[in-house]
Amino acid sequence: MLTLTTLSLSTLLFPSSELSRRPPETLYPSLLILSPSRYKMIPCVTSVYQSEVSLEAIEKHRQTLGLHSLTSKCFNEARISALLIDDGLKLDKKHDTEWHRNFVPYVGRVLRIETLAEQILDEESPDDSSWTLDSFTKAFVERLNSLVPEIVALKTIAAYRSGLDIDTHVSKEVAENGLVEVLQAEKLVRIGNKGLIDYILTLSLEVAERYDLPLQIHTGFGDRDLDLRLSNPLHLRTLLEDKRFEKCRIVLLHASYPFSKEASYLSSVYPQVFLDFGLAVPKLSAHGMVSSVKELLHLASTKKVMFSTDGYATPETYYLGAKKAREVIFLVLRDACVGGDLSLMEAIDAAKDILSRNAIAFYNIDVDTSSSIPQSRISPKSQIEEPHVQEDSSSFVRVIWVDTSGQQRCRVVQAQRFNRSVKKNGIGLTHASMGMTSFYDGPAEESKLTGIGEIRLVPDLSTKRIIPWTKQESMVLADMLLKPGEAWDYCPRETLRRVTNVLKDEFDLVMNAGFENEFYLLKNVVREGKEDYVPFEVGPYCSTSSYDAAAKIFHEIIPALESLNIAVEQFHAESGKGQFEVSLGHTIAFHAADNLVYTREVIRSVARKHGLLATFVPKYDLCDIGSGSHVHISLWKNGENVFPASDESSAHGMSSIGEEFMAGVLFHLPSIFAVLAPLPNSYDRIQPNTFSGAFQCWGKENREAAIRTASPPGAPDGLVTNFEIKACDGSTNPHLSLAIIMAAGIDGLRRHLQLPDPIDTNPADVAATLNRLPETLSEAVEALEKDKVLHELLGQNLLVAITGVRKAEVQYYSKNPGASKQLIHRY
């Protein structure tokens, strides 16, 4: 078994016999910044390449890919947002800084001062005479000043040459003697004289102070030409206490290993000292990596610690560093939470600081780490490593699915059995499970699903998460298969996956989605001997007092969602009594649907922990405002949002692609209602003048329109970045909802549908000129049954099941109108 943690990947992947066939190397970055939107374990190199675990297979795959594709793959998998490149490393072949801009949003240069000095001394002196200290000083400072606009930091490798006991008051005589010694060497200049190095570093510090440039200092272990005794960062005390340079930001590289404790002490004492643990991760053993980072944090603030891959020569070194860094940070911060040093929210914040924010501030660079990397088609099995749950009799795994009626259900197995068989073979599940209604755990007759027949509920391991609110449990979403490799027609996740691939194959587009979750928090009361549920508080829209009442709950909900890699944009009190909203960030549709399932799980479970009932039922109280799950939709291509128009000349601020897609959704909206609003209770919510979209129209920033185009803050004036569908509510199956929205948009693209004029007033005021959207579930079901386009894209069998379940809902609640009160326990 190969241990990637402790081997140099450039050696591992290229045995000596293969060196002559290596592709041109990439550059050597001294810093990498990671996007914080996802903190999870990422797969090993062989999983990234989807190749066999052998050197031969990896080498063959690398040659097939080529350097450009190989680099793109490694950088995208590692979610690298910025590269700061130290180009002082000498390699036979290397690409310049500009080449790297093909792969990351930001590329900066780190200037190694010893290399610059050596380059100058290898040149002829300006007056064709021998170099003197004065002529060298003039040339060095001029060259350094001229390069300042091109660089983000300076770097010194004094630790390799003469040690870190830097004399910042070195005399000119000592420096002159050092220069003479260097120039007398027969081969190319290599500066190793301590006096000259101290002099060069002092000159550089003066420039760094003048231009507010940070300085990287190599400390601790490195190559064999380094004297480890002289690379102890404690030797830097004279430099750090020099009043001339006390404002110069300094970062100590490589975790100063094995002097991590000493580095931590310096960072705690000197405000200008920061720490970087690249090279220590991934070079050290697993225990060594964790212990060194823990030692850095013994005294240093999490605001002063950052990470760099220290990758070089091959793209895999960057990827491996990023992979191990995430693992190490998770283990260190987890232990800090267990030990009481950090809360969960503080740990999440610390991870973001360490992986991106500290470096962005330290190096004064402009990079957005929140954007998603381009996403390819959704495959049934993602390449994400599942989180490990200890195998014992008290460790459980919840296998979750969402049925046709939008109810979230689960089977629970012991972790031992899950790892032994369930993760591969799944769990048996009756066909009837996808025909169940909201009022009865049995199949609706017209769904054509019965208790005869069984499918396999197979976990999608890429969705496996440790449950934040309970110990020793994890949860995973499941696909429905007839047998390994063969999806069941009724599987919601497979339906979304299939429609997603149609959009990608035909139009090279990816749909992003983001949900707004409205819900009520209810408390149990006893009235005249009977239990009832009432709002736990009664404040108005965006009330601070309402938030205060729920603050303790949100202090658990938001960190829990963050720990599941679910981005939260904002949350607030809504208009209903005891009603709140949590808005999620947008991501590709498949992930957005998965995230919505987990978000509901988190909110319900945390509320239950506090003795409350969280319900997403569309209309909890007929006399109060309803709860929606408004969904925002955008279209992406090659990682860019292509929904906005390319300029401000568009009539509606949308690209032709965006307009056609949205026109398809608007056209099919009556049919879509049967999926987005699946209960009779849903139509109690969708009424005029309730911000729920009761008429078939669209409008610009019109919250009464069924579809609202949005231009959020920061968007160019007049350009639309996404559109919002108001009808979707908390009883919908999110995968089916996004699938049917996407299917309608595909029809719009195929037929080049055009939008009618927008409605810029309250639609109810011009109701006579508009079509009223379905007022009942019966009307929506009738529209869906007639919509053959959606039948084709979603599948006939699935549509029969959906409409069969909906008809049963209509029949039951028409005979039992009071039964809808019990929906708070189902949704």
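Sorted by class, the residues lining the second largest cavity come out as 8 nonpolar, 1 polar and 1 charged. For that tally, Ala, Val, Leu, Ile, Met, Phe, Trp, Tyr, Cys and Pro are nonpolar, Asp, Glu, Lys and Arg are charged, and the others, Gly among them, are polar. Keep in mind that this is a predicted model, where local features need pLDDT of at least 70 and side-chain atom pairs count only at pLDDT 80 or more, while totals for chains, interfaces and linings use all residues. Numbering runs from 1 along each chain as its sequence is written, and side-chain values use heavy atoms, with hydrogens and water left out.

**Cavities**

- A cavity here is a set of points, on a 1 Å grid over the protein atoms alone, where a 1.4 Å probe fits but cannot get out, and lining residues have an atom within 4 Å of a point.
- Grid points are joined across faces, edges and corners, and the volume is the space filled by probe spheres set on the points.
- Counted that way, there are 4 cavities of 30 Å³ or more.
- The second largest cavity has a volume of about 70 Å³.
- Its lining is made up of Ile400, Trp401, Val402, Leu477, Ala478, Met480, Pro492, Arg493, Val597 and His735.
- Strands β10 (396–402) and β15 (473–483) and helix α17 (492–507) are the elements that give two or more residues to that lining.
- As for the labels, helices (H or I, at least four residues) and strands (E, at least two) are DSSP runs, numbered from the N terminus.

**Cis peptide bonds**

- Tyr257 and Pro258 are joined by a cis peptide bond, with omega at about 5°.
- Pro258 sits in the loop between β6 (250–253) and α11 (260–269).
- Another cis bond links Val281 to Pro282, and its omega is about 15°.
- Pro282 belongs to helix α12 (residues 280–283).

- Asp508 is not a glycine, yet its phi is positive, near 55°.
- You'll find Asp508 in the loop between α17 and β17 (510–527).
- With a relative accessible area of 29%, Asp508 is partly exposed (buried means under 20%, exposed over 50%, partly exposed in between, using a 1.4 Å probe and protein chains only).
- Glu701, also not a glycine, has a positive phi of about 50°.
- The loop between β25 (698–700) and β26 (707–710) holds Glu701.
- Glu701 counts as partly exposed because its relative accessibility is 37%.

**A helix pair**

- Helices α15 (residues 344–363) and α18 (residues 544–563) pack at an angle of about 40°, and their axes are 9 Å apart.
- Those axes are lines fitted to C-alpha atoms, for helices over the stretch in contact, and angles run from 0 to 180 degrees between N-to-C directions.
- So α15 and α18 are oblique to each other (under 35 degrees is roughly parallel, over 145 roughly antiparallel, 65 to 115 roughly perpendicular, and the rest oblique).
- The α15 and α18 crossing is left-handed, a label for a near helix turned anticlockwise from the far one by less than a right angle, with clockwise giving right-handed.

**Two buried helix residues**

- Ile740 is part of helix α22 (residues 734–751), and it is buried because its relative accessibility is 0%.
- The C-alpha atoms of Ile740 and Leu794 are 7.1 Å apart, though 54 residues separate the two along the chain.
- Phe661 lies in helix α20 (residues 656–676) and is buried, at a relative accessible area of 0%.
- From Phe661 to Ser634, 27 residues away along the chain, the C-alpha separation is 9.6 Å.

Terms used. On a 1 Å grid over the protein atoms alone, a cavity is a set of points where a 1.4 Å probe fits but cannot get out, and a pocket is an open set with protein on both sides within 12 Å along at least five of seven lines; lining residues have an atom within 4 Å of a point.
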